[in-house]
Amino acid sequence: MSSNNHNNIATFIHLGVFSKYFIPFGNYIIPILLWTTNKEKSEFIDANGKEAINFQLSILLYTVILGIFSFPFFIFNIFGDASFSDLFHFHDLSLNFSEPGGFRTLIGASFVGIIALVGFFLEIIFVISAAIKANKGETYRYPLTIRFIK
């Protein structure tokens, strides 16, 4: 198998993460399928496959962490001065976003939204950069990636 073919396989491993927009969990399924079926063909394909999968797993971890930190913020700000018993009696509970607690929620949602949007664009830029490097026969190291698969 030619080196050009290996470059193409590595490129498609990276670009396979975009399948998540068409197939649920495609960002894991496609790269893992391409990597596991081709990793014995070359060390280059193996390295690129591990890198792409590690990056997707890192993104998942960062998303979960962002969700964990943002969830209590929203709950406490949305329900403001509600007591614990009020949460179980919804007929007496009202949500008012015009009070200061509601404004804090709006600011918090904007902050979390901006972080998510920046992360979304960085992911696209990093994946395209990795695909271009792989097509040229170069190995790309994704920034901010935890190496789950060594």
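Rings of Phe, Tyr and Trp (its six-membered ring) are taken as paired if their centres lie within 6.5 Å, with planes under 30 degrees apart counted as stacked, over 60 as edge-to-face and the rest as tilted. By this criterion, Phe55, Phe126, Tyr140 and Tyr142 are linked into a cluster by ring pairs. The structure is a predicted model, in which local features need pLDDT of at least 70 and side-chain atom pairs count only at pLDDT 80 or more, while totals for chains, interfaces and linings use all residues. Residues are numbered from 1 along each chain as its sequence is written, and side-chain values use heavy atoms, with hydrogens and water left out.

Across the whole structure, 5 of them are found. One is formed by phenylalanine 18 and tyrosine 21, whose rings are stacked at 6.5 Å centre to centre with 20 degrees between the planes. Tyrosine 21 is partly exposed because its relative accessible area is 41% (buried means under 20%, exposed over 50%, partly exposed in between, with a 1.4 Å probe and protein chains only). Phenylalanine 55 and phenylalanine 126 have ring centres 6.1 Å apart and planes at 70 degrees, so this pair is edge-to-face. Since phenylalanine 55 belongs to helix H3 (residues 43–78) and phenylalanine 126 to helix H4, the pair ties together parts that are 71 residues apart in sequence; helices are DSSP runs of H or I with at least four residues, numbered from the N terminus. Both phenylalanine 55 and phenylalanine 126 are buried.

These two residues also belong to the largest nonpolar core, whose 7 residues are Val17, Phe55, Phe126, Val127, Ala130, Tyr140 and Tyr142. Such a core is a set of buried Ala, Val, Leu, Ile, Met, Phe, Trp, Tyr and Cys residues joined through side-chain atoms within 4.5 Å. Helix H4 (residues 100–135) gives the most to this core, with 3 residues. A further core of 6 residues lies apart from it, including Ile9, Ile13, Trp35 and Ile53.

The charged end of lysine 39 sits over the ring of tryptophan 35, 4.6 Å from its centre (the criterion being NZ of Lys or CZ of Arg within 6 Å of the ring centre and within 35 degrees of the ring normal).

Turning to helix H1 (residues 3–15), histidine 6 lies within this element and counts as buried because its relative accessibility is 12%.

Definitions and conventions:
Helix = DSSP H or I, 4+ residues; strand = E, 2+ residues; numbered from the N terminus.
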